[in-house]
Amino acid sequence: KFTAYEAEGIRPFVENSPLFSWAYGVFGIQGLSNLLGVIEIALGLLIALRAVSPMATAIGGALATGMFLSTLSFLLTTGGAWLPGGFLALSVPGQFLLKDLVLLGAALWTTGEALRAARCCHE
């Protein structure tokens with residue numbers, strides 16, 4: 001998210017989102033993209049702390065869950081994400097977003113597993 005190319009790549013998703021379009025006015029295009037990149041790295045680091053702190057991993061997984069739900073909302077707000085032809089007739093931008101469904105599942109699983117581990121260690 002730290003290059004102009006990547007900032008422009010997410011622009012159609014963010015611009016059309018009622019949840020996120022305001023952020024360009026606050027951070028600018030590159031600034032918001034940089035912020036999202038820092039958040040993604042921070043969440044990855046929290047998840048990677050599993051051996052040291054299951055609770056940090058649970059927090060990272062829960063926040064990642066929210067992030068992936070947010071990005072999946074772009075399927076509903078980005079014009080052209082769906083093609084005529086029915087269910088799962090996705091354009092290239094729609095297909096790009098669909099990967100977040102798998103990442104959402106991984107974030108949910110990670111959160112649950114880490115919460116079980118944190119509970120086990122504190123009993």
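A residue is called buried when its relative accessible area is under 20%. The legends below apply this term to a predicted model.

**View 1. The aromatic cluster of the predicted model.** Ring pairs join F13, F20, F74 and F96 into a cluster. The count of aromatic pairs comes to three. A pair of aromatic rings is described by the distance of the centres and the angle of the planes.

**View 2. The stacked pair of F13 and F74.** The two ring centres are 5.9 Å apart and the planes of F13 and F74 stand at 15°, so this pair is stacked. The pair links distant parts of the chain, with F13 in helix α1 (residues 4-15) and F74 in helix α4 (residues 54-77), 61 residues apart. Both F13 and F74 are buried. For F13, the relative accessible area is 6%, which lies under the cut-off of 20% and therefore makes F13 buried.

**View 3. The stacked pair of F13 and F96.** F13 also forms a stacked aromatic pair with F96, at 5.9 Å centre to centre and with 20° between the planes. Because F13 lies in helix α1 and F96 in helix α5 (residues 92-121), the pair ties together parts that are 83 residues apart in sequence.

**View 4. The surroundings of F96.** K99 lies over the face of F96, at 4.1 Å from the ring centre.

Definitions and conventions: Residues are numbered from 1 along each chain as its sequence is written. This is a predicted model: local features need pLDDT of at least 70, side-chain atom pairs count only at pLDDT 80 or more; totals for chains, interfaces and linings use all residues. Side-chain values use heavy atoms; hydrogens and water are left out. Rings of Phe, Tyr and Trp (its six-membered ring) pair if their centres lie within 6.5 Å; planes under 30 degrees apart count as stacked, over 60 as edge-to-face and the rest as tilted. Helices (H or I, at least four residues) and strands (E, at least two) are DSSP runs, numbered from the N terminus. Buried means under 20% relative accessible area, exposed over 50%, partly exposed in between (1.4 Å probe, protein chains only). A charge sits over a ring if NZ of Lys or CZ of Arg is within 6 Å of the ring centre and within 35 degrees of the ring normal.
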